[in-house]
Amino acid sequence: MDEIILDVFDASFRYPNAPAYSLKHINFQVRKGEFLVIMGENGAGKTTLCKMLSGIIPHSQEGVYFGDVTICGLNSKEHTLPELCQHIGIVLDDPESQIFTTEVLDEVAFGAENLEIPTDEIQRNADWALQVVRMAGYEEKDPTRLSGGQKQRVAIASALTMQPEILILDEPTSQLDPIGTIEVFQVVRELKEKYNMTIIMVTHKSEEIAQFADRVLVLHEGEVLAMDTPQRIFRNKEIVDKAWLAVPQVSMVAVELEQSGIPLDAFPVRLEEGVEVFSALLQETEARI
Amino acid sequence: MREPVIQVDHLTYTYPNGFEALHDVSFTIEKNDFVAIIGQNGAGKSTLLKNLVGLHKPTQGNIIVDGVNTREISVARLSTKVGFVLQNPDRQLFADSVEEEIRFGPQNLKLDKAEIDARVEHAMEQTGLIRLRREFPMALSAGDRAKVVIASVIAMQPEIIILDEPTTGQDRRGCAQIMDIAKEFQRRGHTVIVVTHAMSLVAEYADRVIVMCKGRRILDGPTAEVFAQEEKLKESFVLPPQVTRLARAMSAVLPVDHTILSTQELSGCIAARVQANQM
Amino acid sequence: MIKYHAGESFLHKLDPRVKIIMLLILTILVFVTRNFPVLGLVFLLIMICWKVSGISIRELGGYLKLLVGLVLFVVLIQTLFQGGETILISPIIPDFVPLIGGMGSIAVEGVLFGLLLGFRLMVIMCLMPLIIMTTRVRDLALGFVKLGLPYRYAFMITTALNQVPVLQEQIATITDAQKLRAFTAFEDGGTLQKLKSYPALVVPLVMGSMKKSTLIGTAMDVRSFGSRPKRTYLHDIAMHGADWAFLCFILAFCAGMFTLNVML
């Protein structure tokens with residue numbers, strides 16, 4: 001059986017003065033090395049869930065919190081944020097507000113310095129992290145002058161320097177242009193494939209994640225509406241419509257075909273799969289003549 | 001031949017620090033068009049928009065908006081001809097209620113009260129904000145905040161409306177609602193210019209696409225024609241919508257004589273072929 | 001622009017602590033003394049430092065204009081309003097002017113005091129940017145920490161410096177956004193109108209900053225800011241021979257100046 005690295009048990013959260021709970025009775029588990037994508041409408045509770053999974057709730061965000069989040073065997077209530085940070089890293093959507101220093105290397109070292117880690121170890125980890133995010137050579141550059149994609153990669157490196165086992169990315173590409181988006185997704189893909197890192201990512205960009213998401217968690221009005229493979233989620237019209245999910249166009253074509261009474265052998269979520277499935281369908285019917 | 005509403009004539013724009021953001025750009029936008037301007041960050045899109053609304057004045061060349069040279073008109077006067085919806089609503093929302101927020105622009109134009117009321121009402125109606133009129137704008141959802149900003153521009157009753165990356169950070173519902181408002185604005189006889197990175201929305205809504213790259217206009221034409229030029233688009237790091245690429249990749253088994261822009265088009269083509277074969 | 005300019009000069013390489021001490025001690029000296037030769041020598045030293053740094057004082061651009069304007073303003077105001085015994089011109093306004101005729105006078109003491117204040121201002125305002133422009137923000141912060149300032153405060157200084165351009169960009173965007181809604185009160189409105197329209201600029205700025213500071217706070221927490229009493233520094237600073245030598249020189253210079261101040 002796969003090792004459970006993150007466990008959320010009956011967790012609820014309400015912001016101070018808010019009339020309603022932002023998250024209600026959330027239950028799910030994440031396996032080591034898994035790539036989990038969180039989708040849902042704005043206001044569904046995605047960012048709040050990221051805060052809960054990373055320990056920001058209850059340590060840095062006030063509010064009413066019930067339930068248990070266990071990160072690498074540590075209950076987030078019983079351990080401090082600096083302790084949790086060494087197991088779980090988080091990258092926020094706004095690249096600007098995560099930059100504290102005037103040089104990339106300092107930025108990447110910032111968290112580790114605060115933890116009083118010896119400088120030679122920081123240097124080693126920072127070098128590795130910058131290499132992973134393909135920003136080696138930018139050590140002395142001013143992070144505020146980088147492109148959006150580069151800033152987000154520096155933010156990822158900053159989290160990686162703390163050597164976490166889980167990485168959470170809260171809409172890391174929502175403010176980026178297509179090149180920046182591709183750059184960030186390439187890095188995330190490498191982290192999964194080469195380093196077997198557990199990754200949890202919030203995003204609306206279904207076409208980009210379809211290739212490497214193991215499962216999709218759909219949040220709707222603070223509750224888990226569904227949690228399944230991208231194929232099953234994107235095929236389920238009821239869920240897609242209810243949560244206003246942005247579905248890859250390949251999958252939309254497939255859904256439309258199925259609706260018009262044409263059965264498909266497989267359900268495509270990636271472009272290449274679509275080419276394969278639809279071409280096979282056409283060739284098959286042609287062969288029958 | 002339709003009436004031109006924006007004429008950009010050999011526009012070059014250089015920032016005070018010497019950076020040339022736009023180089024010899026010329027094009028004409030006709031009345032009632034829905035134009036998408038696409039390209040990477042740094043391609044000169046924002047600089048171009050700022051020139052169109054008069055925040056920047058051309059270093060060389062001229063821009064004629066609705067018959068007036070942008071050099072000869074104040075930003076405030078120009079705002080009644082061409083409305084500009086900025087990307088981040090948080091950079092302009094300040095009033096206590098949605099209604100007050102929308103009222104701000106017409107009030108600045110010193111119109112009489114009845115006219116202001118009518119405009120505010122009309123703008124809220126067009127953007128579906130009537131039920132939120134008393135709400136505090138900054139506390140609204142991202143989608144509704146964007147709508148308030150669009151309404152506050154519509155209330156200026158401009159001939160042309162420009163939207164700068166209106167769907168950034170929006171979910172699918174927000175994207176659809178915002179683009180539908182723009183489409184409705186066009187349907188009422190106005191002109192829409194939108195800058196965006198969302199190619200599927202460009203394919204769905206725009207009639208014409210202008211591709212910017214390194215301060216130059218490298219492609220311009222009807223949406224289907226522009227998205228057909230995959231090689232040229234690649235130079236400026238633009239990918240056509242997934243369905244367009246899918247149709248292209250399948251052209252060997254499914255020859256189609258035009259560029260596919262929507263999923264319905266493609267599924268329709270496939271279904272028609274399957275059914276024809278089954279006959 | 002007043003920000004770090006990369007360079008290899010003696011001043012760039014100087015330990016930030018020495019530069020901070022120099023800034024503090026020269027500031028005290030300039031405020032204590034009323035002696036023009038002393039002020040002149042300090043000013044000369046600062047100008048030599050500028051020369052050594054390899055950075056042209058023209059880099060200051062708009063700041064330099066502001067500085068000159070401010071100094072002239074101070075000199076003028078003091079000259080007009082600081083009275084004295086040795087009258088140069090009196091009255092400033094001729095007697096034949098109705099009502100206010102015969103008022104005001106300019107005295108030697110007033111002129112001198114004005115010049116003194118102007119000089120002080122000029123010395124300080126030339127020195128500060130020099131330090132900022134030759135020292136990396138990181139090293140400046142570390143310098144303060146090593147001199148005993150808690151890291152929290154040093155961090156606040158660096159973050160504030162980092163946020164200045166972000167804030168400038170925000171103000172520019174907000175102004176543009178409201179201009180596009182035909183907002184012209186700040187260009188051609190009356191005083192009342194200006195006051196009434198103030199919220200249109202200030203509210204988005206304040207709300208934006210509040211939102212941002214919450215985000216920054218969260219981002220700091222997840223990177224363990226302030227989690228331990230001490231922290232390590234990837235880039236450390238160390239005093240070398242040249243640093244000690246320059247420190248001695250500055251101390252000796254200031255001692256000399258204080259003596260000169262007392263003697264003259």
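## Largest cavity: lining

The lining of the largest cavity divides into 10 nonpolar, five polar and five charged residues. Here Ala, Val, Leu, Ile, Met, Phe, Trp, Tyr, Cys and Pro count as nonpolar, Asp, Glu, Lys and Arg as charged, and the others, Gly among them, as polar. This is a predicted model: local features need pLDDT of at least 70, side-chain atom pairs count only at pLDDT 80 or more, and totals for chains, interfaces and linings use all residues. Residues are numbered from 1 along each chain as its sequence is written, and chains are lettered from A in the order in which they are written.

The largest cavity holds about 260 Å³ of space. Of its 20 lining residues, Thr101(A), Arg138(C), Ala141(C), Tyr151(C) and Arg231(C) are the closest to its centre. A cavity is a set of points, on a 1 Å grid over the protein atoms alone, where a 1.4 Å probe fits but cannot get out; lining residues have an atom within 4 Å of a point. Volume is the space filled by probe spheres set on the points, which are joined across faces, edges and corners.

## Largest cavity: elements

At least two lining residues each come from α4 (104–114) of chain A and from α6 (137–146) and α7 (151–179) of chain C. α7(C) gives the most, with five residues. Helices are DSSP runs (H or I, at least four residues), as are strands (E, at least two), numbered from the N terminus.

## Second largest cavity

This cavity has about 110 Å³ of space. Its lining includes Cys85(A), Gln98(A), Met162(A) and Arg223(C). Two or more residues come from β6 (88–91) and α6 (148–160) of chain A. The lining divides into eight nonpolar, three polar and one charged.

Notes: Side-chain values use heavy atoms; hydrogens and water are left out. On a 1 Å grid over the protein atoms alone, a cavity is a set of points where a 1.4 Å probe fits but cannot get out, and a pocket is an open set with protein on both sides within 12 Å along at least five of seven lines; lining residues have an atom within 4 Å of a point.
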